[in-house]
Amino acid sequence: MKLLIQNGTVIDPASGVHAVRDVWIDGGRISDPAERADTVIDASGKIVCPGLIDIHMHEDPVDDAGHLEAFDERSVFACMLHMGVTTAVAGNCGENKYHPADYLDLVDRDGAPVNVAMLAGHGWFRHAAGCTDRYAPATPEQRSRMTAGIEEALQRGCLGVSFGIRYEPGMDARELTETAGPCRKQQKLISAHIRDDAAQVFAAAREYLDAGLRLDVPIQISHIGSMAGFGQMEAFLRLVDGYRRDRPDICCDCYPYDAFSTSLGSTTYDEGWLERYGCGYDVLELCMESYAGQPCTEALFRRVRAEHPDCMTVCHVMRQADVDLAYRHEAVMVASDATLDRGQGHPRACGTFPRVLSRYVCGGVLSMDDAIRRMTALPAWQLGLTRKGRLSAGADADVLIFDPERIQDNATFSEPLAPPSGIEWVLIGGKPVLRDGVILDRRAGRSVRG
Ligand SMILES: [Zn+2]
């Protein structure tokens, strides 16, 4: 079936195109022009760009019967689709919800709302190797079990290894280098939620970047707004630039909000967090329904942390000016860090990409081309994906058509799942899967392996 997208302004940063032209699709790929089309989409006045790539998000869980919990409106992957994302990179911060390569097999068996790529989460393999104390170092046997598991996951198509050094403080540089070793053989990426933030972010970044340089693989630093967004961003980006001088494949990602989100039981909230952020308990929102809207107090924090460590939280502590500064740096990609617990959580899951397009492009901070580059060509390059994030002939026909006049995020902290405005069409593999905000097909996504 041949499909033609007509009259739109095509922005394809990977090939430097910004012009009104037609896009032809045949057999799931971008094709050369043909004589006639079976279907025509009129994109007059709209922007046509590659489907977006979210290089940092967290996948939906798998139920007890072995099915993805990804097919209703509370699914993170459905939120991705609402934002115009067509490839979501899951398994970040060292966390997987399931064996990451088996997860890719499930996606191919059942389909998913978007294409799914996976990182092998170091923390998941650490736990599977029997290292259940996150504050304790792993034994040599545990390290070699982790490394073997990670190597197999990479061979089965995971695009790299993610670390949550913050969440597994018992790990040292040797554990990091050893378990990321398989990436060197296969030239795959490492990404990390580094060990510490705020005033300690510099030492934490050096620890990770020094280890990454020794491995000689592409390096991703996760959600830098929540790492250096407390007055450190300018100096932090200078530090990154120092490392980037010889290594342009050191990149960062950032979500466009001044609040972070993590579970209440995580090490982020270990003793000392109030001093680290210079705040009180009132900055914290507990996302569990029974506590939603209640101001947090010390008593509530201690009780819920003991009883429901999985309770999602939103913590309003970062400086917006630091987050804005991050997006001015050429190596910072837009990524959501989306994570939801049964539809509860942070609006970044359903708002990130439209928010950058409206806030930073309409606000004059980024050009439209540069914003789209940070959502398509740059992550594709960093991940080594040659058929994603571009609209040249032969590329996978994952396409987004949006209205630059109407593009707007609508998700808020009280209504995190409110879908954005202005997303008119999303195509995955040449198939229309969303039109005017309505999902037409929740199973067109497949695994993306490398
Ligand atoms: Zn993280």
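How many residues lie between E2 and E3 in their hairpin, and which residue in the turn has a positive phi? The legends below take this up after an overview of the predicted model.

**Figure 1. Overview of the predicted chain.** The secondary structure comes to 15 helices and 24 strands. The C-alpha trace spans about 65 × 50 × 50 Å along its principal axes. The chain has a radius of gyration of 21 Å, close to the 22 Å given by the globule rule for 450 residues, so it is as compact as a globular protein of that length.

**Figure 2. The hairpin of E2 and E3.** Strand E2 covers residues 9–12 and strand E3 covers residues 17–20. The two strands pair in the antiparallel sense, over four bridges. Within this pairing, Asp-12 stands opposite Val-17 in E3. Four residues lie between the strands of the hairpin. Gly-16 is the turn residue in question, with a positive phi of about 70°.

**Figure 3. E2 beside strand E7.** E2 also pairs with strand E7, residues 47–50. This pairing is parallel and runs over two bridges. Val-10 stands opposite Val-48 in E7.

**Figure 4. An open sheet of four strands.** The strand order is E5-E4-E1-E6, and the pairing is mixed. Strand E5 (29–31) and strand E6 (39–42) are the edge strands, each pairing on one side only. Neighbouring strands of the sheet are turned by 30° against each other on average, direction ignored.

**Figure 5. The pairing of E1 with E4.** This view takes up two strands of the open sheet. Strand E1 spans residues 2–6 and strand E4 spans residues 23–26. Their pairing is antiparallel, over four bridges. Leu-4 has Trp-24 in E4 as its bridge partner.

**Figure 6. Packing of helix H1 on helix H13.** H1 comprises residues 76–83, and H13 comprises residues 348–361. They pack at an angle of about 20°, with axes 8 Å apart. Because angles under 35 degrees count as roughly parallel, H1 is roughly parallel to H13. The crossing of H1 past H13 is right-handed.

**Figure 7. Residues in the contact of H1 with H13.** H1 contributes Val-76, Cys-79, His-82 and Met-83. In H13 they meet Ala-349, Cys-350, Thr-352, Phe-353 and Pro-354. The residues of this contact divide into seven nonpolar, two polar and no charged.

Methods: Residues are numbered from 1 along each chain as its sequence is written. This is a predicted model: local features need pLDDT of at least 70, side-chain atom pairs count only at pLDDT 80 or more; totals for chains, interfaces and linings use all residues. Two strands pair if DSSP finds at least two bridges between them. Axes are lines fitted to C-alpha atoms, for helices over the stretch in contact, and angles run from 0 to 180 degrees between N-to-C directions. Angles under 35 degrees count as roughly parallel, over 145 as roughly antiparallel, 65 to 115 as roughly perpendicular and the rest as oblique. A crossing is left-handed if the near helix is turned anticlockwise from the far one by less than a right angle, and right-handed if clockwise. Two residues are in contact if their C-beta atoms, placed from the backbone, lie within 7 Å. Ala, Val, Leu, Ile, Met, Phe, Trp, Tyr, Cys and Pro count as nonpolar, Asp, Glu, Lys and Arg as charged, and the others, Gly among them, as polar. The radius of gyration is taken over C-alpha atoms; the globule rule is 2.2 Å times the number of residues to the power 0.38.
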